[in-house]
Amino acid sequence: MNFDLSDEHHMFVSAIERFAAPIDVAARRRLRLSPAGYDRARWTQLADMGLIALAAGADAGGLGGSAVDLALVAQAIGAANAPDPLIELGILPALLLERGGAGAALEGVLAGTTIATLAWTERGQRYSLNATGMKADQNADGFALTGEKTMVPGALLADLFIVTADVGGATACFLVPKDAPGLCLRAYRLADGSIAGELTLARTPATARLALDNAGLAAMAADMRLYAAAEMVGLSQRLLDDTLAYVKQREQFGIAIGSFQALQHRLVDCYARQEQSRSMLYRAMLTDRADAATWHRAAAGAKAFIGENSNAIAREAVQMHGGMGITDELAIGHALKRVLVLDRLFGDADTALADYALAA
Amino acid sequence: MDMDFSSQDIAFRNEVRAFLQNNLTDRLRDGARRTPSVFVEPDIGMEWHRILYRQGWVAPHWPKEDGGTGWSPTQKFIFERECALAGAPALSILGLRLVGPVICAFGTPEQKARFLPRILSGDDYWCQGYSEPGSGSDLASLKTSARLEGGDYVINGSKIWTTHAHHADWIFALVRTDATVKKQAGITFLLVPMDQPGISVTPIPSMSGDHEVNAVFFTDARTSAENRIGAEGQGWSIAKFLLENERGGSCYAPRLLQSIGRLEQLAQTQPSGSGGMIGHDPRFRDRLARVRLEAEALEITELRILAELAKGRAPGPQTSLVKLLGSNIGQRIDTLRLELLGPDALQLPLERPLYGNEAPEPVGSEDAQTAMIQYLNNRAATIFGGSDEVQKNIIAKTVLGL
């Protein structure tokens, strides 16, 4: 048994720390407030570091990173409070395109030259992966898609949409380039400053159908739950670290507020939550994937558990920072907002917890 | 023991309802509903303020001789509850609830004549200079100084978290006039005009994207010695009087119950994603029910305090209890609203205002458009006006005798 990071893991983590370091809160704020909510040149740098390629196997042109590698990368992104949508615009499409056999599209995604995003959320379906509001009809040329999606990540950055749609009662994935006929996008801002979109397709031709069924989608969701949980563990570590530093330095009534027992005990509770979250993350990322049901259940449980802990730590971090915690000028607020988004990615705490409980 | 209103109270309630029916316009209702910041924007708030002023109902909490309504505590409660039920904008408390009562209680006849009518009419908009960068929960350690020079106080220092300083004509400020005595004893309460070269206002952006609060810098700012309320060194006792008004006197439960009612309504129309509506999910339904119970209990707690006030007893540390409970229940409602509205509640528009013709189209629903902003802004509810920690210290010390 060994829970130490390997040399390679240390390398990933320090590479991300170096990459994220120049982005202080003010720079993060400017980046997030820009029209697309992010910067394409930065994305290219991220790709050049091999961080997207980590998500695909060597046979598919990737670096063949393991789930543990990817989880540690996601955690480092969180701990750095980095503004990079690596998990939703990097890892997610890479996993789908590789597993779905779309080699050509995958190449551009791994290189950072193509930004692809998954359009799966439907208003009526809440957090369910079942597509019912988007229909794919087969015709002589292939498939045409009609329907609506919401909360499509990175809407203004994406060159390629991977769209889930109903085909005869099953949910399948289709590729739709951003300039496809009948495609209409309405962009809006999310809590973490990223730009999402409402996507409407009207008899829009798909350029390909991925070789993925419902089970393939469920596997992708399990992966994404793990990486979202990992980023949240990083974010809550940052929130806790910043809060500990603050209460030691902030003086009221002539002494550091960290000397008040009322705060000390609550900070110990946060610390306990954080340790439990990290353990749960390790448990899920080290779970043997031979049995899909067992591994999906572990990912669902970890997401629910860590989401609750990270939110609780974020709320305490704001409270203990007082007025400063409410502003947009500290990492605290930015981290809290990112946690809120990640906590709902591929199911909120109730949804993930129910999946965990029902799979027992 | 009973918790019924008298027939006079019911007649009064009907009068208030009829007034709201006739005067609360759709524009005001819409502006109130779609303002997710802590304070309503002045264009909506002051329009409603002036309507209430013309009716003579703008200052229920003031003594009748100073322009108050002369209502009983029960009538004040009824008025607040009916306003909440009708979705009326919440008026800025800064003039009416904070500095107004201070001037009523501690001001000279000249000060009353000069300031009170303009607060009532809405001609003057006020902000509050209390917290400083180094003085939050430990307010008495404040450092902004004022020294008498001729007939003026000359003020240097800074204030922070100053809500609507960018709209304000006047600031009421706690300043240090004597640094040689016990910290509480050296504080003085001054009224200072905002429009002068010695004052600058810097916005502090909130994580919600709102601009509500500011830092205010005083560099040889001036105010006439005639604008001192009470004596030099009396500022701390005035401050405590004001903070009790800020914390108490107002009722949280009516607006909380109104918000809970809205969530109950939405829960019947919001799909759960697994067939049926979210309101039928026993886990969500139970959490919502639990919050309703808290708010229903708080309503009676508030009525019990009112009943005490009606007997002529002064509001005491119960105001801390109400503030503690009310702000926490509010935050639980905000969390439930995010859960209820699902993916749509992740939107965080930065455009303001969200009412009127220029407002951006909501994604999903108007409730979803403001849910995240409300959640983020209302994190402040357990911090401003004395944080939870401060309220608990007050209760532990003064109520529990610890």
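A residue counts here as buried if 20 or more other C-beta atoms lie within 10 Å of its own, as exposed if there are 12 or fewer, and as partly exposed in between, with C-beta atoms placed from the backbone. By that rule, buried residues make up 49% of the 402 residues in chain B, and 54% of the 360 residues of chain A.

A word on the model before we go on. This is a predicted model, in which local features need pLDDT of at least 70 and side-chain atom pairs count only at pLDDT 80 or more, while totals for chains, interfaces and linings use all residues. Residues are numbered from 1 along each chain as its sequence is written, and chains are lettered from A and ligands numbered from 1 in the order in which they are written.

Let us start with chain A. Chain A has twelve helices and ten strands, where helices (H or I, at least four residues) and strands (E, at least two) are DSSP runs numbered from the N terminus. The radius of gyration of chain A is 20 Å, close to the 21 Å that the globule rule gives for 360 residues, so chain A is as compact as a globular protein of that length. That radius is taken over C-alpha atoms, and the globule rule is 2.2 Å times the number of residues to the power 0.38. Along the principal axes, the C-alpha atoms of chain A fill a box of roughly 80 × 45 × 40 Å.

Now look inside. A nonpolar core is a set of buried Ala, Val, Leu, Ile, Met, Phe, Trp, Tyr and Cys residues joined through C-beta atoms within 7 Å. The largest one has 222 residues, of which L145(A), V163(A), F174(A) and L226(A) touch the most other members. Helix α7 (residues 214-249) of chain A gives the most to this core, with 16 residues. Two residues are in contact if their C-beta atoms, placed from the backbone, lie within 7 Å. Leaving out residues up to four places away in sequence, L145(A) touches several residues, including V163(A), F174(A), L201(A) and A206(A).

R99(A) is buried, with 21 other C-beta atoms within 10 Å. Beyond residues up to four places away in sequence, R99(A) touches L212(A) and G216(A).

Chain B comes next, with twelve helices and eight strands. Its radius of gyration is 22 Å, close to the 21 Å that the globule rule gives for 402 residues, so chain B is as compact as a globular protein of that length.

In chain B, the axes of helix α1 (residues 7-23) and helix α4 (residues 73-86) come within 10 Å and cross at roughly 35 degrees. These axes are lines fitted to C-alpha atoms over the stretch in contact, and angles run from 0 to 180 degrees between N-to-C directions. Among the residues making the contact are D9(B) and F12(B) of α1(B) and T74(B) and I78(B) of α4(B). T74(B) is partly exposed, with 19 other C-beta atoms within 10 Å. Apart from neighbours within four places in sequence, T74(B) is in contact with F5(B), D9(B), L306(B) and A310(B).

Finally, the two chains meet: 33 residues of chain B are in contact with 30 residues of chain A.
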